[in-house]
Amino acid sequence: MALTATQLVDTLSGLTLFADLSRPQLEQVAHKMTEESYPVGQRILRQGFTGTGFYVILDGEVTIKIDGEERARLQKGDFFGEMSILLGEPPVADVVTTRQLHVLHLGGPELEGFLRDHPMVMYRMLKTIALRLYNVSRTRG
Amino acid sequence: MPLKTEHKASALASVPLFQGISQDSMARLAAVTGEQEFEPGQNIVLQGQVGSGLYVILEGSARVLRGSEVVAQLGPNDFFGELSVIDQMPRMASVQAVQRTRCLALASWDLLDLLESDPKLALNMIKGLATRIREQGEQHQH
């Protein structure tokens, strides 16, 4: 169920990660990333294996599992795959679809350049990752 | 006497958030970092308030309070509010000056301006945070 270019840009403009981008910048993002769909029960990233890319969820849901135990569920606007790409290490979790999934995909080697080209996307990503660390550590004021 | 940029940079280098960033980026970061002084008993940050800055203690001492309970003592080179400089999250605790205390203070909006013009700094910070999340995850598993 591929979207038209206009629909895709409209969808992207509603996602937090891309909230600071102008319409021409959103068009660049839509052009750079590939739309993909996955059925329920599909494993997209596999714990311990090489990461295959950066994914932004347009619709649907995935579960994040570490050693078979569910840690989180991600939905529209959430993203995954960036940690293992940026660290150059295999994913620490399985990512499996729990609803029909519609994503934008960017190949691993392209992520760093993509973020450098779009500093505000990187800043949004930085905030999300800081929040994750805040939630796992909560030690200092 | 105000601190020189290189002294600020060396104090900021003790903060894990800024580990692995280039000297060039560190100098720019130090340039937008200010100094603040607090009298004994004065609150530096308040629990529950939205955080908007990172502090590194240069001189003096402070205590960390959760409610009325003292949970930690801080001195020179200790820092707090590290993550609130990125996202304005509520403070988990108050920090109160015990002695007259001088701090470096970095405001989140100044960091944001810098990140926009220095993508390498942001990228290094993301990598540093991702590494720490991984380490935390590994600790939970053991």
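## The interface between the chains

Two residues are in contact when heavy atoms of theirs lie within 4.5 Å. In this predicted model, the contact between chain A and chain B takes 33 residues from chain A and 33 residues from chain B. The size of an interface is often given as the accessible area lost when the parts come together. Here chain A and chain B bury about 3,300 Å² between them, with 70% of that area on carbon and sulfur atoms.

## Polar and charged pairs

Across the interface of chain A and chain B there are 2 salt bridges. Arg134(B) forms a salt bridge with Glu89(A), in which the closest N and O atoms are 3.1 Å apart.

On the side of chain A that touches chain B, helix 3 (82-87), helix 4 (111-117) and helix 5 of chain A each supply at least two residues. Helix 5 of chain A gives the most, with 15 residues. The residues of this side divide into 20 nonpolar, 4 polar and 9 charged.

## The largest nonpolar core

In soluble globular proteins, nonpolar side chains tend to be buried together. The largest nonpolar core of this model has 65 residues, of which Leu12(A), Phe18(A), Phe54(A), Phe18(B) and Leu29(B) touch the most other members. Helix 5 of chain A, residues 119-137, gives the most to this core, with 10 residues.

Leaving aside neighbours within four places in sequence, Phe54(A) is in contact with residues including Leu17(A), Met33(A), Phe79(A), Phe80(A), Ile85(A), Leu104(A) and Met125(A). Glu82(A) and His105(A) are also among the contacts of Phe54(A).

Note on methods: Residues are numbered from 1 along each chain as its sequence is written. Chains are lettered from A and ligands numbered from 1 in the order in which they are written. This is a predicted model: local features need pLDDT of at least 70, side-chain atom pairs count only at pLDDT 80 or more; totals for chains, interfaces and linings use all residues. Side-chain values use heavy atoms; hydrogens and water are left out. A nonpolar core is a set of buried Ala, Val, Leu, Ile, Met, Phe, Trp, Tyr and Cys residues joined through side-chain atoms within 4.5 Å. Buried means under 20% relative accessible area, exposed over 50%, partly exposed in between (1.4 Å probe, protein chains only). Helices (H or I, at least four residues) and strands (E, at least two) are DSSP runs, numbered from the N terminus. Buried area is the accessible area (1.4 Å probe) that two parts lose on being put together, summed over both. A salt bridge is a side-chain nitrogen of Lys or Arg within 4 Å of a carboxyl oxygen of Asp or Glu. Ala, Val, Leu, Ile, Met, Phe, Trp, Tyr, Cys and Pro count as nonpolar, Asp, Glu, Lys and Arg as charged, and the others, Gly among them, as polar.
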